[in-house]
Amino acid sequence: MNLLTYALRPFEKAHEPFLNDLFQMAKADENMRIGYPQCEDVHEYATEVHGYGNIISQCTFLITCEGSLVGAMGLLHAPDEDEGMLWGPMLKKEHQQAAVVAQCLNSLLTQMAEKVCHYQACIAAENIFLLDCFKASLWQFKKTYTQMACHLAATAIDNSIAYAVRPLSGMPLTMSQVIGLFQESFHWEDSASVIKDLLNNSSYQFLFYAQEGIVAGAVCFSLIQEDAFARIEYLAVKEDFRRMGIGRALLLSAMEQIAGNDAIKTIHLAVDEGLDAVHLYEAAGFTPQIVSHVFTLKL
C-alpha cells in the first residue's frame, strides 16, 4: 500500500528547468506522455497557455512527494469559462501508481472547483498507464482524435481552385449562417457565443466561401505571432456542398495566410477518428503526430 503523501503546489518561474526535464523524460517514457498539449519545452507550453488567455502560474501545478518534486499537471481554461482541458498527471517512473494519479486528480479538482465544472482530459494512446487510470475512474470516454502537423518549409501550398474565399466580417447575415454551419457541424451548446468570443480574440481569424448568398463553408485558424504558433481550429462545409473542393480551398487559403508570417514554421490541427477530412489534411501536407483519447467529467 502506498503510504507516501502527495500534494500539489503552484508553478513558479524557478521551476522551469524541472518542467523542461519532465517534457524531455516523456520522450523516452510512454507512460509520461500527454495527448494535449504536445510540448517540447516550457516555451511551447506557454504558447498553449497563452492561447487560453491564461498564464502558467495560474493553471500549472507541480506534484510533490514528501516535499520532493516528482511530477506536474495542469488545467488549461479561459478565465471567464467553466470548462477546462486537464493534462497529466505527468509522473516520474517510480511514482506511476493508480493511487497517486487518483490523489493528484482529486487535489486539482478540489482546488479548481469554484472556477471549473466541465473537464476534458486528452490522453496519449500510447500512455497505457494513464489510460487505465482514467478508464477505472468516473471520467467518461468521449472520442479519439489525431494531432497532425504541416512543416511549411517542406510543403508547397497550391491553392489552384478558384473559389472566392473571403475573411469573415461583421455582416449579420453571413455571421448568422456561419454560426448555423458550425452548430450543425460541431454541435456546440452555444455556437453564437463561441464564435463571437473567437472573433473578439485577435489571435483567431475566420475565412468563408458563399455561393449565391449561401455560406457553403468556413474555416477558423489561430495565429499567435509573438509565439510563432498557428493552428487550424475548425473547418466545416455544408453537407450539400461537400466533395466539391470547397474544404480544400478553405484549408489552403488559411495555410497561405499563415505562411505569410515568416516566423511560423509549423501549422497544427486535430481531426477526430474516422472523419474523411483526414485525407484532405494529408493531401495538403499534414502528417500524423500522435493519437489521443479524450475523457470528460462533469461536476
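**Cysteines, helices and charged pairs**

User: How many disulfides does the rule give?

Analyst: A disulfide is a pair of cysteine sulfur atoms within 2.5 Å. By this rule the count is zero disulfides.

User: Which model is this, and how are residues numbered?

Analyst: This is a predicted model, in which local features need pLDDT of at least 70 and side-chain atom pairs count only at pLDDT 80 or more, while totals for chains, interfaces and linings use all residues. Side-chain values use heavy atoms, with hydrogens and water left out, and residues are numbered from 1 along each chain as its sequence is written.

User: How far is the nearest cysteine sulfur from that of cysteine 104?

Analyst: Cysteine 104 is buried, with a relative accessible area of 2%; buried means under 20% relative accessible area, exposed over 50%, and partly exposed in between (1.4 Å probe, protein chains only). Cysteine 104 is in no disulfide. The nearest cysteine sulfur belongs to cysteine 65, at 9.6 Å.

User: Which residues of α5 make the contact with α4?

Analyst: Helices here are DSSP runs (H or I, at least four residues), numbered from the N terminus, and contact means heavy atoms within 4.5 Å. On the α4 side, the contact is made by Ala98, Val101 and Leu105. On the α5 side, the residues are Phe129, Leu130, Cys133 and Phe134.

User: At what angle do the axes of α4 and α5 cross?

Analyst: Axes are lines fitted to C-alpha atoms, for helices over the stretch in contact, and angles run from 0 to 180 degrees between N-to-C directions. The axes of α4 (residues 98-111) and α5 (residues 128-135) come within 10 Å. The crossing angle is roughly 65°.

User: How many salt bridges does the whole structure have?

Analyst: A salt bridge is a side-chain nitrogen of Lys or Arg within 4 Å of a carboxyl oxygen of Asp or Glu. One of them joins glutamate 16 and lysine 13 (3.2 Å, N to O). A search of the whole structure gives eight.

User: How many residues apart are arginine 243 and aspartate 276?

Analyst: Their side chains meet in a salt bridge (3.1 Å, N to O). Arginine 243 is in the loop between β10 (229-237) and α8 (246-259), and aspartate 276 is in the loop between β11 (266-272) and α9 (277-283). Strands are DSSP runs too (E, at least two residues). The separation is 33 residues.
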